[in-house]
Amino acid sequence: MTTLAPTVPSPRDALPKAAQPTYLNVETTLRSWLLTTDHKRIGILYLVSIVVFFALGGVFALAIRLEHLTPNPTLMDAMTYNRMFTLHGVVMVWLFLIPSIPAVFGNFVLPIMLGAKDVAFPRLNLASWYIFMAGSIIVLVSTISSGIDTGWTFYPPYSSYSNTAVPTALFGVFIIGFSTIITGVNFIVTTHTMRKSGLRWLQMPLLVWALYGTSIIQVLATPVLGMVLLLVMLDNGLGWGFFNPATGGDPVLFQHLFWFYSHPAVYIMILPSMGVVSEVVTTFSRKNPFSYKAIAYSSLGIAFVGFLTWGHHMFVSGMSKFDAGAFGILSMLVAIFSAIKVFNWTWTLKGGAVSLKTPLLYVFAFLFLFVFGGMTGVAVAATSLDVHWHDTYFVVAHFHFIMVGGALTGFLAALHYWFPKMTGKMYSERLGLLSAALVFAGFFATFFPQFLLGNAGMPRRYFNYPPQFQVLHLVSTSGSWILAAGLIIAAIVLLYALKWGHPVGPNPWGSRSFEWRTDSPPPKHNFHREPNFDVGTYDYTQPLLGKYDDPRPLPPLPQDVA
Amino acid sequence: MTTATHHEPAAIGHEAPHLEHFEDLEKQAHASRLGMWIFLATEVLLFGGAFALFASYQVVFPEAFRYSIHHNAKLLGSLNTGVLLVSSIFVAAAVHALRGGRSKLAAWLVTATMALGFAFLGIKSIEYSRHFAEGIFPGGVGSFFQEHRGPGFPEFWTLYYGMTGLHAIHVTIGIGVLAFLLAGIVRGKLTHVNSHRLDIGAIYWHLVDVIWIFLWPLFYLA
């Protein structure tokens with residue numbers, strides 16, 4: 001039992017609300033936003049920019065799906081189609097998914113969760129946003145100039161001589177890499193050095209563990225991608241031909257180095273989502289997580305094993321049976337760590353006082369879709385099956401289940417979960433639930449048929465297809481519009497709430513996590529006075545103090561639960 | 001603010017300025033050092049990717065690599081190794097001097113480090129211009145590759161220019177960082193109180209040195 005510290009009324013608490021400046025209204029000029037070093041404002045800057053990029057990537061996706069309404073050319077020519085799917089991949093991976101949860105919600109809540117005033121290097125943090133924007137703009141310039149037609153993987157030898165804007169796009173991605181590294185360094189150092197004194201590692205919220213694992217990957221994998229993209233850039237721009245078989249170069253070497261980054265990058269996308277799930281599940285079941293340590297350490301386990309699995313992308317690129325087997329088995333290890341998490345989250349819900357709010361509905365979608373994606377991931381890690389499914393829609397469906405079903409639903413759960421904290425306003429719960437349901441249904445309708453398509457032999461990235469695949473493509477395209485509708489409703493609901501949402505108190509969900517123990521929105525340096533972390537971040541057995549306490553009654557004692 | 005100085009007996013009478021979001025200067029120094037070490041991990045991985053490429057191509061084209069290493073400017077490369085090693089001694093001595101409060105000596109030692117950095121770049125450019133004269137350009141361009149047609153030669157020399165070039169960029173950045181710190185010492189803003197900032201620059205300079213210690217045997221010896 002932790003003892004409750006007495007509430008010391010602070011003179012600031014006595015002030016009327018309007019007199020207490022929040023991080024949003026402490027300064028309101030454009031200049032104050034563009035030169036801010038406040039981690040919360042930088043999180044908001046990232047949020048606005050990546051949501052715009054996400055919308056752009058989504059438009060490309062809808063265009064791809066529309067093109068597949070008929071087996072023959074529908075809307076565009078083959079070259080435009082190639083550009084569309086490449087841009088969809090590049091924008092979604094590097095301009096949205098990689099920065100999504102760490103740069104937005106990590107920036108916003110990580111320092112608050114540690115009881116710190118800011119991240120360790122606030123100026124670098126701001127620089128990371130500018131670097132990200134510079135890289136993104138360069139990528140988008142390549143879109144406007146002539147597009148890119150290599151696919152987001154930039155495989156040589158084709159990428160070495162493609163006439164499209166490959167060097168520009170690669171340069172943009174290279175630049176974005178620096179912003180990723182800066183964010184990673186900042187989070188690692190912040191977690192090590194900025195924790196409120198007395199806050200031990202095993203008392204940190206689970207999101208912090210997930211972000212810590214993510215940061216390790218960001219710091220160690222991104223530079224390898226930088227090196228290899230630089231070489232392809234020079235290959236294409238200056239004709240170095242380093243990966244060109246005509247001069248003895250080996251394109252498979254590119255694949256090794258590319259996937260050394262790009263497979264761990266999947267965990268850069270999914271690990272933070274897992275952290276969000278841990279936070280949301282505990283808050284909305286009003287219970288401590290079932291085995292905190294297992295969830296925390298499995299985040300590090302995924303980060304570590306994730307570095308040893310890249311070869312499973314290359315089973316058909318000429319790899320010895322031994323290597324393929326080793327990479328296959330190591331890849332399956334990731335499923336063990338993931339399953340540990342999934343079982344623990346599910347068991348956390350059991351016996352909890354579950355309230356089905358929008359973030360939790362997204363988390364349910366996450367659990368269902370992520371398990372689906374994870375199981376098919378184990379299947380494609382088996383070499384014999386992968387030979388059949390390689391480069392088909394089966395793989396496309398698999399990774400969309402992880403990246404959209406996992407990472408995107410995690411992002412949306414986080415957005416709805418922390419929206420009241422970020423803005424001090426509440427959105428319409430009913431419409432939030434509706435949009436979450438539509439996102440789930442639309443996603444499933446879009447991508448489940450793609451498993452069937454791939455298994456039947458539909459290759460990925462093909463412009464036209466045999467007529468017998470049309471029904472499944474039609475279902476998939478219809479699903480994409482349901483998904484789009486869900487996302488548009490979510491956007492309208494949140495934008496409406498931004499202006500007209502009713503104001504909320506510091507802790508509308510009744511969470512015990514540390515970020516809810518300050519005002520919504522928080523003041524500039526996060527806490528008006530020294531934060532009180534005496535009650536643990538998942539301790540729902542006793543009340544919090546004063547105005548940060550829960551509006552709802554405490555859950556029944558364990559013996560009352562059947 | 002005077003309470004912030006209790007860890008540094010020598011600092012009595014000085015204000016130890018730390019950034020607003022840190023509790024004290026000691027925590028700030030710890031964070032900065034840790035940040036630099038983690039950044040160095042990314043640098044190691046950046047060059048690690050290139051080392052992996054070198055290793056792979058060397059296995060595939062042992063003859064071309066052996067011939068090219070033999071052909072390389074062994075004397076100039078080894079001289080540069082010496083230059084960087086001595087520069088590292090200077091920068092380490094500068095850190096030591098600044099911690100002891102001898103700012104003037106520290107300033108001279110940092111200047112010497114930078115001078116050796118420039119010397120390194122000078123020797124490197126002599127080396128490059130020799131190779132250009134021999135008809136060796138990156139990407140397998142030049143008369144050298146007319147005489148040596150086998151595969152493996154373009155890979156070796158592309159890696160040579162790529163990796164030593166990237167290293168030279170790092171030396172240049174290192175010189176810039178040291179110049180910035182030198183300005184701080186000269187203007188009295190960087191003293192024994194906040195000497196951790198020079199530590200960070202020195203750690204970076206040592207990394208640049210260490211990477212060269214690995215590039216040297218790869219491209220000039222063996």
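**Exercise 1.** At what angle do H10(A) and helix H1 (residues 25-60) of chain B pack, and how far apart are their axes?

*Before you start.* This is a predicted model, where local features need pLDDT of at least 70, side-chain atom pairs count only at pLDDT 80 or more, and totals for chains, interfaces and linings use all residues. Residues are numbered from 1 along each chain as its sequence is written, chains are lettered from A and ligands numbered from 1 in the order in which they are written, and side-chain values use heavy atoms, leaving out hydrogens and water.

*Solution.* Step 1: helices (H or I, at least four residues) and strands (E, at least two) are DSSP runs, numbered from the N terminus. Step 2: axes are lines fitted to C-alpha atoms, for helices over the stretch in contact, and angles run from 0 to 180 degrees between N-to-C directions. Step 3: the angle between H10(A) and H1(B) is about 155 degrees, and their axes are 11 Å apart. Step 4: the two helices are therefore roughly antiparallel, a term for angles over 145 degrees.

**Exercise 2.** Which residues make the contact of H10(A) with H1(B)?

*Solution.* Step 1: contact means heavy atoms within 4.5 Å. Step 2: H10(A) brings A:Leu253, A:Leu257 and A:Phe260, while H1(B) brings B:Leu45, B:Gly49, B:Ala52, B:Leu53, B:Ser56 and B:Tyr57. Step 3: sorted by class, seven are nonpolar, two polar and none charged.

**Exercise 3.** Where is the peptide bond from A:Pro156 to A:Pro157, cis or trans?

*Solution.* Step 1: omega is near 0 degrees, and the bond is cis. Step 2: A:Pro157 sits in the loop between helix H6 (122-145) and helix H7 (158-161) of chain A. Step 3: a cis bond also joins A:Ser520 and A:Pro521, with omega about -15 degrees. A:Pro521 belongs to the segment after strand E2 (502-503) of chain A.

**Exercise 4.** Is A:Asp391 buried or partly exposed?

*Solution.* Step 1: buried means under 20% relative accessible area, exposed over 50%, and partly exposed in between (1.4 Å probe, protein chains only). Step 2: A:Asp391 has 40% relative accessibility, so it counts as partly exposed. Step 3: its phi is near 60 degrees, a positive value in a residue other than glycine. A:Asp391 lies in the loop between helix H14 (383-389) and helix H15 (393-423) of chain A.

Methods
Angles under 35 degrees count as roughly parallel, over 145 as roughly antiparallel, 65 to 115 as roughly perpendicular and the rest as oblique. Ala, Val, Leu, Ile, Met, Phe, Trp, Tyr, Cys and Pro count as nonpolar, Asp, Glu, Lys and Arg as charged, and the others, Gly among them, as polar.
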